[in-house]
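Hello,

I am handing over the structure we talked about. Please have a look at it first, and then read on for what turned up.

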Amino acid sequence: MTAEPTRGIRDDRPEKPGGAWTRLPAMNPATPSAATPSEADPGRAASPVRTGRGAAPLPGRVRTAPGPASGGSGGTGGRTVAPSPLDPGASQDPHGIHRRLREEFPLTYDPLLRAWVLSRYADVATALTDGRFTHGHRPGDPLCVRAHVDVDTAALRAVTERTAYVLARRIADRPQADLVADFCHWLPAGTVAAAVGVPYRDMMRLVRGRAAGALAGECGTQIAVREKALASFLGNVLSDPDQVAALRDAPAALVARAWTESLRRDPPVQIAVRRTAAEVPVSGGIIPAGASVALLVGSAGRDPERFREPDRFDPLRDDPGQLTYGPGFCPAVLLAGIEAEYALRALFAEMPRLRLADGFRPTPAGLITRAPRTLIVRPRG
């Protein structure tokens, strides 16, 4: 749903079988280039990345503190090590790392990611849309839009509504339920299955392949991402009783704003990968042609230079925006928004007293894709 999850990033830390690391694409250039610092000495930059003022090359992961002559506040000769989005603890709370990268290291090379890292909203937004960055698209971007056939929006709404209500009724009488396992995991897949006529018993076996591709083209594999986006959305809404009251019978336009706000605050894909086809000036320097670039979508969505009170979930904010989807038509984009709308309508209609379980608070986790792994609720209040 944003730029697709990355594949091939290596890391020495253990990961559960089938976890995110097994699905990450290679970020190092196909052939050695000046854009990648030496593997033997990752702290030494072989890259000709220049600062915007034409100063010395950036030294890999280590940035020389600016001196008075350049207008900086640091002392001359000092060195500061930039944090990595893959540092220990980042899967539980990446926001402190993102904040420091935005403020101190808007452009830095990360040996763990094997890529230059961009963390500010303006730079990430540019990299997701500028033709000088290649290899990837978001659902809704022009390349994505051209891959799709005509879609019957009314039919999609009908199958999404029906699927959401079936799932909600199955948990309505339980004393306790996990919305991630019992609802979010099934709604995106069930909607696609119903739309293309896959029998329910074959849904999970087929929907991620033939069925999804028939409906959503190249974005068919976005089902797992939509699951995570929906889990974050429901977690954001249910965590605030005021939001529950405001959205319980809200018009579609307000639900859509809440959905956009959730994608900004808690995007399902945190890191996307691009490669530069030419030199590109960004905050902190110039990225050379042929460089791998890691885009911190999660950091960009909480950039205070773009959003007021960026950590707050506020569907009524007057500075909305998100980087998960492009602006054009795409079935994956359309489905995600419809699923969010009917998820709320079905859950609140079948469970008017729905609330989070006592003492439970959603805890997002993950480095590449991120969302609450559980949403424990009391369907009867």
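**The sheet and the helix across it**

Strand β4 (residues 115-118) and strand β10 (residues 292-296) run parallel to each other as a pair, joined over three bridges. Within this pairing, valine 117 of the chain sits opposite alanine 294 in β10. Please keep in mind that everything here comes from a predicted model.

The two strands belong to an open sheet of five strands, ordered β3-β4-β10-β7-β5, with mixed pairing. At its edges are β3 (107-110) and β5 (133-134), each of which pairs on one side only.

What lies across this sheet? Helix α2 (residues 121-129) does: α2 lies across β4, β5, β7 (271-276) and β10. Relative to β10, helix α2 runs at about 125°.

**Two helices that pack on α12**

Next, please find helix α12 (residues 331-350), which packs with helix α8 (residues 223-238) at an angle of about 40°. The axes of α8 and α12 are 10 Å apart.

Which residues of α8 meet α12? They are Arg226, Leu230, Phe233, Leu234, Val237 and Leu238. On the α12 side, the residues they meet include Leu335, Glu339, Ala343, Leu347 and Phe348. By class, the contact of α8 with α12 holds 13 nonpolar residues, two charged ones and no polar ones.

Helix α10 (residues 252-265) also packs with α12, here at an angle of about 115° and with the axes 10 Å apart. The pair α10 and α12 is therefore roughly perpendicular, and the crossing of α10 and α12 is right-handed. From α10, the contact uses Ala252, Val255 and Trp259. From α12, it uses Ala336, Gly337, Ala340, Glu341, Leu344 and Arg345. The residues in this contact of α10 with α12 divide into six nonpolar, one polar and two charged.

The protein has an average pLDDT of 79, and 71% of the residues score at least 70. Over residues 3-79, however, the pLDDT is below 50. Beyond near neighbours in sequence, that stretch has 164 contacts in the model.

Enjoy exploring it, and do write back with any questions.

Best wishes

Note on methods
Residues are numbered from 1 along each chain as its sequence is written. This is a predicted model: local features need pLDDT of at least 70, side-chain atom pairs count only at pLDDT 80 or more; totals for chains, interfaces and linings use all residues. Side-chain values use heavy atoms; hydrogens and water are left out. Axes are lines fitted to C-alpha atoms, for helices over the stretch in contact, and angles run from 0 to 180 degrees between N-to-C directions. Helices (H or I, at least four residues) and strands (E, at least two) are DSSP runs, numbered from the N terminus. Contact means heavy atoms within 4.5 Å. Ala, Val, Leu, Ile, Met, Phe, Trp, Tyr, Cys and Pro count as nonpolar, Asp, Glu, Lys and Arg as charged, and the others, Gly among them, as polar. Two strands pair if DSSP finds at least two bridges between them. pLDDT is the predictor's confidence in each residue, from 0 to 100. Angles under 35 degrees count as roughly parallel, over 145 as roughly antiparallel, 65 to 115 as roughly perpendicular and the rest as oblique. A crossing is left-handed if the near helix is turned anticlockwise from the far one by less than a right angle, and right-handed if clockwise.
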